[in-house]
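Welcome! Please open the sequence and the 3D view side by side, and follow along as we visit one topic at a time.

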Amino acid sequence: AFSLVSKNGYFAKNFLIFFIRYLFGLIRKEDIYKELHAQIEKIKETDIEITHLDSHQYIHMLPGIFNIFLKLAQEFNIPFIRLPFIPLDRRFFLGKAELSRKLYQLVLNVFCLFYRPMLKRKGINFYRYSFGFLESGHLSFENLKTILASLGNGVCELVCHPAEEVGDLKSLIGYWGYHWQKELDILLSDTTRIWLENLALGRY
């Protein structure tokens, strides 16, 4: 049987269920590889360019699964794999993010330190820094200014969750407590655009 799905043919309902099943060896790595391979093949049938590999809630950072991502990136000549490494600066230590989120980020940073040399050896790119995880779902214009003003050289990413709060969004994942519409409005506002133009960033 395909170990990634239940008897009814559904994937794990959330990250925690997947993680527990993976931890206890109930999910086979070969099944993960087959599923991801099939998904990439499906995308390649379209005109969509695959720029990088990533996963929901950083599942690809789990030991073993990251190796699968690395293998797929090489097979399909995908130039980037996302590494969510954030600088441990004033924002990290003095910010108002939940302690659990900060601890999760520290774990991700440790994994990133192990995976960076692996990617370098294989010639696969990764972003220098990732910003916004600590503010996930609660990005404000002030937070955005602080993040972008702290950028150094190199390619960085901004983690954000912009969306129109329509349809089933709130009924399905409203318990996250995210402010999707507010983040969308901030990112699309003239105030943000003008401020970014004055910063003279490379791409927005």
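## A charge over a ring

R116 lies over the face of F85, at 4.4 Å from the ring centre. Keep in mind that this is a predicted model.

**Aromatic rings**

- A pair of aromatic rings is described by the distance of the centres and the angle of the planes.
- In this structure there are 14 aromatic pairs.
- One of them is formed by F85 and Y129, whose rings are stacked, with 6.0 Å centre to centre and 20° between the planes.
- This pair links distant parts of the chain, as F85 and Y129 are 44 residues apart.
- To find the two partners, look for F85 in the loop between strand 2 (80-81) and helix 4 (90-94), and for Y129 in strand 3 (residues 129-131).
- Are F85 and Y129 buried or exposed? Both are buried.
- Elsewhere, Y58, Y104 and F133 are linked into a cluster by ring pairs.
- F133 also has a charge over its ring: the charged end of R101 sits there, 4.7 Å from the ring centre.

**The nonpolar core**

- In soluble globular proteins, nonpolar side chains tend to be buried together.
- Here, the largest nonpolar core has 47 residues.
- Which residues have the most contacts inside this core? They are F18, I32 and I81.
- At least two residues of the core come from each of helix 1, helix 2, helix 3, helix 5 (99-122), strand 3, helix 6 (141-149) and helix 8 (180-188).
- Helix 3 gives the most to this core, with seven residues.

**The second largest pocket**

- The space in the second largest pocket is about 630 Å³.
- Its lining is made of 24 residues, and L36, Q39, S55, H56 and I59 are the closest to the pocket's centre.
- Two or more lining residues come from each of helix 1 (15-23), helix 2 (29-44), strand 1 (52-53) and helix 3 (65-75).
- Which element provides the largest share of the lining of this pocket? Helix 2 does, with six residues.
- Sorted by class, the lining of the second largest pocket has 15 nonpolar, six polar and three charged residues.

**The cavity**

- Rolling a probe the size of a water molecule over the atoms shows where empty space is left.
- How many cavities of 30 Å³ or more does a search of the whole structure find? It finds one.
- The largest cavity holds about 50 Å³ of space.
- Among the residues that line the largest cavity are R91, G132 and E135, and F133 from the ring cluster is another.
- The lining of the largest cavity divides into five nonpolar, two polar and two charged residues.

**Two residues with positive phi**

- Q57 is not a glycine, and its phi is positive, near 55°.
- You can find Q57 in the loop between strand 1 and helix 3.
- Q57 counts as partly exposed because its relative accessibility is 36%, between the limits of 20% and 50%.
- Y58 is not a glycine either, and has a positive phi of about 60°.
- The place of Y58 is also the loop between strand 1 and helix 3.
- Is Y58 buried or exposed? With a relative accessible area of 7%, Y58 is buried, because buried means under 20%.

Notes. Residues numbered from 1 in each chain as written. Predicted model: local features only at pLDDT ≥ 70, side-chain atom pairs only at ≥ 80, totals over all residues. Heavy atoms only, no water. 1 Å grid on protein atoms, 1.4 Å probe; cavity = no way out; pocket = protein on both sides within 12 Å on 5 of 7 lines; lining within 4 Å. Points joined across faces, edges and corners; volume = space filled by probe spheres on them. Helix = DSSP H or I, 4+ residues; strand = E, 2+ residues; numbered from the N terminus. Nonpolar A, V, L, I, M, F, W, Y, C, P; charged D, E, K, R; others polar. Phe/Tyr/Trp six-rings, centres within 6.5 Å; stacked < 30°, edge-to-face > 60°. Buried < 20%, exposed > 50% of the residue type's maximum accessible area, 1.4 Å probe, protein only. Lys NZ or Arg CZ within 6 Å of the ring centre and 35° of its normal. Core = buried A, V, L, I, M, F, W, Y, C linked by side-chain atoms within 4.5 Å.
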